[in-house]
Amino acid sequence: MSEQRTLPAWLDAGAAALAGALPPAPTLDGALPGLARAQALTPLQRLQRLQQSGLSECGGAGEPVHLAWRRFLRGHGPSVLVIDATGFDPRARGAGAVLDRAPWRVAEGVLIALGLRESGKVELRLPAELTGREAAFLNAVDAIRSLAQVADPRRQVEVLRNCRPSCWGERPADDGSRLVHAPETWCRIALLFAGEDGLDASLLTLRRGLEQRGLVELARSGNLRRQVDGWRGGVAEAEQDAVLVFDDGLGGFLPLSEADLSCEPLSLASAGIVPAPSTLVVTAEGVCVVKQARRALYRHWQLSEGEAQPVRSLLARAARLVTEITIGHGEVAHLAALDEVALELAAQGLGAAWPLGSALRHWREQWERHARRESCPEGACLERLAAPCHRTCPANIDIPTFVAHLGNGDHRSTIEVIRRDNPLPLTCGLVCPAPCESACVRGGHDGAVFIRTLKAKAAEHCLAEGGYPRPELAPDSGKRVGVIGAGPAGLTAAYYLRTLGHDVEVHEAQEHAGGMLRYGIPAYRNPPEPFEKEIDQIRVLGVRIFTSSPVASLEEFRKKYDAVFLGPGTQKARLLPVEGAHLPFVLGGIDFLRAARSGEHVRVGPRVVVIGGGNVSIDVALTALRQGATHVDLTSLEKRRDMPASPGEIELAVAEGVQLHPGWGPLRFEEEGVAVFQFCERVKDATGRFDPKFDGSRLLELEADHVILATGQGTDLACLEGSGVETNRGYVVADPRTKMTAVPGVFAGGDGQHGPRTAVEAIRSGKIAAASIDAWLLGKSPDPATGTPVRRAELIPLSVVAGDRSHRRRAAMPERTVEETVGEGNYVRIELGLTDAMAHDEARRCLRCDLCIGCGLCMAACSEMGIEALRMADTTAGRLAYFDFERPAELCIGCGACTQVCPTGAIRLEDGDGVRRTIITGTVVREQPLLACSECGASTQTPAHREFLRRRLPDHMAAQLDRELCPSCARRRADRPAVVGVTHMGQAASAAPVPLGEMGPSVG
Ligand code: SF4
Ligand code: SF4
Ligand code: SF4
């Protein structure tokens, strides 16, 4: 049985009253009935009324409201009434909805409390995401002031913007000077005094994993499990153990199977979760709760900025211990330590107790498996992941390594690293949509590293200097492999098969090699001469490419080779099933591009309509402008933000004058040269399946001398006839892992196998197929690492100054102007490429995410010590990263606590010339002098570290610091282990100084 509650009427009634910003009624009784009744009560009677009602705070710890009022009543002196709209989850909608729709009620609640004691001012605390949402409330306050008898017009309302929530679950006892409630709580106070019913509820935003979304009311006396089931719309048996995530994880986690409890704050608190949640996400069973707890703890630690050092240290310790477990450095002792930390957090009233306590309690087995380094349910922990760019590149190029080589000016090593995973660095450097850049952790900060163009830069240098470095070739295997199709997949398979020692021949039906790269991408993006030079870099290894050499029968072809790779590509235009699609002025997009690239005299226009929303449609539109069109309209089913074409490509099209018509689907083409479109209401159904819905009453007519369809391509598989190779919907069927077809020894990849995708995805499939073919030919198992990111080298980071690393923005690509590039027959390159200096500066922006895995341990250790020299930022890539390389310049004391915990050596201390340098992935963030041992003269520690120790040690031990001694001299003197954590710094980066046991990070 569902116990679902809809939204309360007062949220809508409030909205109605707000219209016109007029008071809901002209009299106090009518406008603010709660206040009118409260005015008849003494403060103590109001308190009693609250206590009897059982009303509790909406959000956070869900404290009974009367307790906060009691503290406030006991206070003396000036006071502040606070409307706190901040919350742990910025996607919670409750506070914003209340401020927008029920501002009168919020103001009324505040006015009721104003009568408790002399209150100086009212404060409205808004988080960044609610900036500007104060307007309705301020209007309501102004209007209330006009009812002169209810408020002192001089009383101030101060709006504080960009506020952050507190890290406290239960607010620490204060002097009673502030009365703080969420907007919803103030609202419910007003409703209570007005005599309304149904206040036993709080607003909850349903975010994900539920059929119902958005704002609902959580019935506090209702059963949590039944309410969740109601919002989910019925639960399948297999999903019984879904995970309930409260307040984006900051409010804790609960297995659905344990949710059979009341939603009273005390009941939720006894389950270890936030007593008054604001948002709920339901995730599938099998998520890594340890990883989620780690993220929540870092967020709580971030929220504690400015709190006392013991609080910061405790939160940092919690984050550090959990992180050590997630990176596979955990011990079973970590769990005991975390149990203690969770208790301490709860005892202190810190909100971090919710995620840590609930995760430890309900997922104990998961924690133990992590601590024993056995397994993580998501496979997300316990192993060192490659950098986000490296993982996201479909070819899995080791990007941080090649970027470092480029930054060193070593173009040949750059190309060597790239070609371990992608044999076409120049072409990809010119045409790839660069999914790696979308994953770059710098992306959400000041622009992704310009990875794509760096590949092209190195390639151009090598080609200008005589060619790419020759890869090492395995000894001849004596096996012959035939490749059908010289597109990106075929060329890639041929390249890697040759490096593996096989004799490879490629047969291409077209006049030139290159497939879609040559015939589908216009010359202003991929000019033919350099492209041909790049293909020559494959030929020189001994790969024979036969062009104008179509294969008529796979059966016959197979007889000449030990194995075959099929990479037929998708070079046939697919026409649409639309009335008039057969008319002569309707052309196929890929046919048009091929004809233009082949130098055929194809003239279109002057008015051309292009249909399609992908990158091919943009290429078609821009090519039409170079083949005679003077006006190009481009229509797509998708709205502009949803078009599959890259945003940069769309902008280029607009800059060249292409008129976009997003959201229209073709209805018919008329002989008179008119293309008629109907409005597309939606492209996909709720499950994400392509299922367009049109509104036939809204039509768009466009004049067209030519209509060009860039809506899909097909492949020509006539040669497979009778071969036994299976096809499905016009594509070759192959095992996605091995690329083997149903016929042993015949493999397939590229667009003709997986459907039209990007060139780099075709390269990936060619690389996987080559590894599988090699294994099949030699009777061995395929290398499981193929198709996964593999580090190609362990390069030391570039030395970059802190300011540059922190502030240098992404380079702007120098481009020709539209006037220089548009015009009939003008296929001059649009992008001019970065200069050498720009490319090297760009390489220096890389944060080396292969070395710094963003675990945050260094920052936690530094905070735990109470130094706070390090700050990492949350990134859109879902991990922490250093952008601030300047903060440590002031605060780092060179103690080495960070280097002790860093699992990768990304942060290190280096001593030399009497100076200690703190270095984060190549950037020296602080240099400070070293003291010398008063007996042997060896370097000991920095003055700042010594001062830090002096302040922390009891007097009798601090006195020992008066003489500077290195550990061995101190030991010799005392004939016992050194008392203080002063160590000799060796030259090796790993030889970090050891901080005092009780100060440095430790499990126990
Ligand atoms: S900063 Fe460098 S290593 Fe990190 S994701 Fe971007 S390119 Fe890759
Ligand atoms: S060496 Fe510097 S950054 Fe590292 S823990 Fe010590 S003070 Fe913090
Ligand atoms: S520097 Fe080391 S400890 Fe710090 S976040 Fe990077 S990998 Fe983790």
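This is a predicted model: local features need pLDDT of at least 70, side-chain atom pairs count only at pLDDT 80 or more; totals for chains, interfaces and linings use all residues.
Local features need pLDDT of at least 70 and side-chain atom pairs count only at pLDDT 80 or more, while totals for chains, interfaces and linings use all residues. Residues are numbered from 1 along each chain as its sequence is written, chains are lettered from A and ligands numbered from 1 in the order in which they are written, and side-chain values use heavy atoms, with hydrogens and water left out.

**Strand E10**

Helices (H or I, at least four residues) and strands (E, at least two) are DSSP runs, numbered from the N terminus. Strand E10 spans residues 480-484. Four of its five residues are buried, so E10 is largely enclosed by the rest of the structure. Buried means under 20% relative accessible area, exposed over 50%, and partly exposed in between (1.4 Å probe, protein chains only). E10 pairs in the parallel sense with strand E11 (residues 503-507), over five bridges. Pairing requires at least two DSSP bridges between the strands. Val-481 has Val-504 of E11 as its bridge partner. From E10 the chain passes through helix H24 (residues 488-499) to E11, in a right-handed β-α-β crossover. Right-handed means that, with the strands pointing away from the viewer, the path from the first strand over the helix to the second runs clockwise. E10 also pairs in the parallel sense with strand E13 (residues 563-566), over four bridges. There, Gly-482 is bridged to Val-564.

**Nonpolar cores**

A nonpolar core is a set of buried Ala, Val, Leu, Ile, Met, Phe, Trp, Tyr and Cys residues joined through side-chain atoms within 4.5 Å. The largest has 180 residues; Leu-280 and Trp-367 are among those with the most contacts inside it. Helix H13 (residues 309-326) gives the most to this core, with nine residues. A second, separate core of 49 residues includes Leu-47 and Ile-83. Beyond four places in sequence, Leu-280 is in contact (heavy atoms within 4.5 Å) with residues including Leu-204, Trp-231, Leu-244 and Phe-246.

**Loop between E7 and E8**

Asp-247 lies in the loop between strand E7 (243-246) and strand E8 (253-255). Asp-248 is in the loop between E7 and E8. Neither is a glycine.

| Residue | Phi | Relative accessibility |
|---|---|---|
| Asp-247 | near 50° | 3%, buried |
| Asp-248 | about 60° | 9%, buried |

**Ligand 2**

The residues around ligand 2 (a heavy atom within 4 Å) include Cys-862, Cys-892, Cys-895 and Cys-898. By class, the shell has nine nonpolar, two polar and no charged residues. Ala, Val, Leu, Ile, Met, Phe, Trp, Tyr, Cys and Pro count as nonpolar, Asp, Glu, Lys and Arg as charged, and the others, Gly among them, as polar.
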